[in-house]
Amino acid sequence: MLERGVRTTLRLAVLSVWCFILAQGLRAQISPGPLARAHQSLNGPANCTKCHSVSTRSPEFRCLDCHTEIAAEIQQHRGLHSTYPQSGPPGAACVKCHSDHNGENFNMLHWNPTPQGFDHSVTGYVLDGKHSSVGCRACHTAQHISAAARGLPATKDLGHTWMGLSTDCATCHQDPHKGRFGTTCARCHSTADWKQAKIVAASFDHSKTQFPLTGMHLKTACEKCHRAGSDGQPVYSGMKFGFCADCHADPHKGSFTQPCESCHTTATWKKSTFESKFDHSKTSYPLLGKHSEVPCLTCHVDGNFKKPMAHAQCADCHKPDPHGGQFAHRPDGGRCESCHTVQGWHPTTFSVADHGKTAFPLIVPHAGVNCDSCHIPAGKDTVYKVKFARCIDCHKDPHEGQFAGEPWRNRCEQCHAGATFKLSNMTLARHQKTRFPLTGGHIAVACNECHKPMAGSSSAVFHFAHLACTTCHDDVHHGEFAARMATKDANGSPLGCEACHTTKEWKDLSRFDHATTRFVLEGSHRAARCADCHKPPGMEMTMLHVDFAAAPMQCAGCHENPHADQFHEKANDCAACHNTNKWRPSLFDHEKTAFSLKGGHQNVACAACHVNKRMVGGLEVLFYKPTPTACAACHGEAVPKAPPEVSFRRPGAARCPDDGFVIWTSSGGKAISVISGAYGKNAPEKLYASSKGSRYSHT
């Protein structure tokens, strides 16, 4: 039993040794080394997952779960850590700079920045101006870390961290304004120099100062009060503003002992509450009308209200005479109250009735004209003694001197009445006495149709240098009839358009004789419309743009060729067969052709022989050539045929067949006549007797 117990004890000892050895090996397998002092609280296998994520993929680290202040900067894209690439698994970027498991005394921060070696702009806060020369720890101290940032994380050594600072100036600097102007110091100050403040009046809230701006002070420029100090810069603190006299000079020169605000407000200096308290009606000059609105200092110029002032006449205050003495010759010496009242300088009390007592009484329409229209306002230089003998003394000559000569001499009243300028007494009867008496259609034409502004004139023309039709009317023929228009009448004046037309009606062409042209109208041409030969261009319906000289002289210019050019060189010689009286009947002489119509053909209709018709250009055309001359072509094959040719020397020398005959007489090879009939015993004698000297032959 003892031996068995010893063996059991030995086995347990060996097992314990192996367990100890195995535990040391497993620990070495799990932890690569001791943690740094800052992470000592995470020692032990049970804390591995607080920093490492369990994964069979790439290793992941949970650094930002504890270092939340850095996580916040990365998420908000601010600070130094946000500028580093965050690619790869979570935490991979952290361990590139901060490794662990290197021993308890291992320093995980391999970073000792200097102002010269570190680019502070990558943190999102540029060090410029005075900040560029400040040491790092002058700002990065525990007392500058805000309360909200002190707990991130709770174990942070605030004396050695670079985190937790705000970009607000008040983080490091004491606010001398005690928060009255907010926390954005850069609105007025820069990092170059604190004292050289640049205040933008549009954005600066003066109501937060000890002197809120009201009334007219709001419109005052800053430099009016904040003047330059001994250093040449504007002074913004230590200024006196308890009394108005600290900035403003006393205009009353000590006449009043009470403070300024007892009579004045910041709304306006000129309107004083003293005015509402002081009863001016108890003085020798009660303020009435516009005088009650006049500031005191306008009359009491030097601010001495106790000094006596003259006020018997308007001119005692209102100097100099605004009319320059123009009314001094009046019986009252030109007193202002004869035309004006204290209710206002305008309107004047000088009426139309008063104007009737002057040398120029006002009648319609002058009675309704504003005074300023004649008496042009020019301040003290306004003239009331104006010339008025002639209308053009006031009115601009609308005719630009056209009536300056005799007999008019620019006397407007010869044609116009005073009631209105637009109505003229220039009647039709008076117009008939001018160089251009109105006749025909001109009588019904309104005046302004002829008398209107023309080239180079801004007013209507009444005196024309030339009275030709083309002065008012466009030459629709564009000079085509210049020679005809230059023909002179009995008085030696060019006829112009009246060489063909009359003033009664434009279409009346009774004065035009076509016989005087190169193309005399004869026969049916006399009944043709003008437009049939003088065709308007572009299918226009009027003859305004017709070139009359371009009208054709040949028949083919107006008429279509009904023969389809079958006569070639004679195609345009229509007159060889036709005349202008009528197209049919034709004047054609058939005897000049190779086929004479004498005898039985003389009264035969043309269409009986000329039957050859063809379609040319969609039209049926009768062709005259070739027309057959053989009898059978017209008379058919039923015409009896003659026996073989027999020559007769004398009667009875030969005997003709008994069936009859058809004999052509010939002379010089040309057929002259035909003799036909039945044969008998006397036939040859008859033939011989009737045709001596001729040659007979059967056909």
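Helices here are DSSP runs of H or I with at least four residues, and strands are E runs of at least two, numbered from the N terminus. With that settled, I looked up the totals and noted 17 helices and 5 strands for the protein.

A reminder to myself: this is a predicted model, where local features need pLDDT of at least 70 and side-chain atom pairs count only at pLDDT 80 or more, while totals for chains, interfaces and linings use all residues. Residues are numbered from 1 along each chain as its sequence is written, and side-chain values use heavy atoms, without hydrogens and water.

Next I checked burial (under 20% relative accessible area is buried, over 50% exposed, in between partly exposed, with a 1.4 Å probe and protein chains only). I found that 15% of the 699 residues are buried.

Then I turned to aromatic pairs (ring centres of Phe, Tyr or Trp, the last by its six-membered ring, within 6.5 Å; planes under 30 degrees apart are stacked, over 60 edge-to-face, the rest tilted). I noted 7 of them in the structure. One is phenylalanine 360 with phenylalanine 388, tilted, at 5.2 Å centre to centre and 55° between the planes. The two lie 28 residues apart, phenylalanine 360 in the loop between H9 and H10 and phenylalanine 388 in the loop between H10 and H11. I read phenylalanine 360 as partly exposed at 27%, and phenylalanine 388 as partly exposed at 37%.

I also looked up phenylalanine 403 and phenylalanine 462: their planes stand at 55° with centres 5.7 Å apart, so this pair is tilted. Phe403, Trp408 and Phe462 make up one aromatic cluster.
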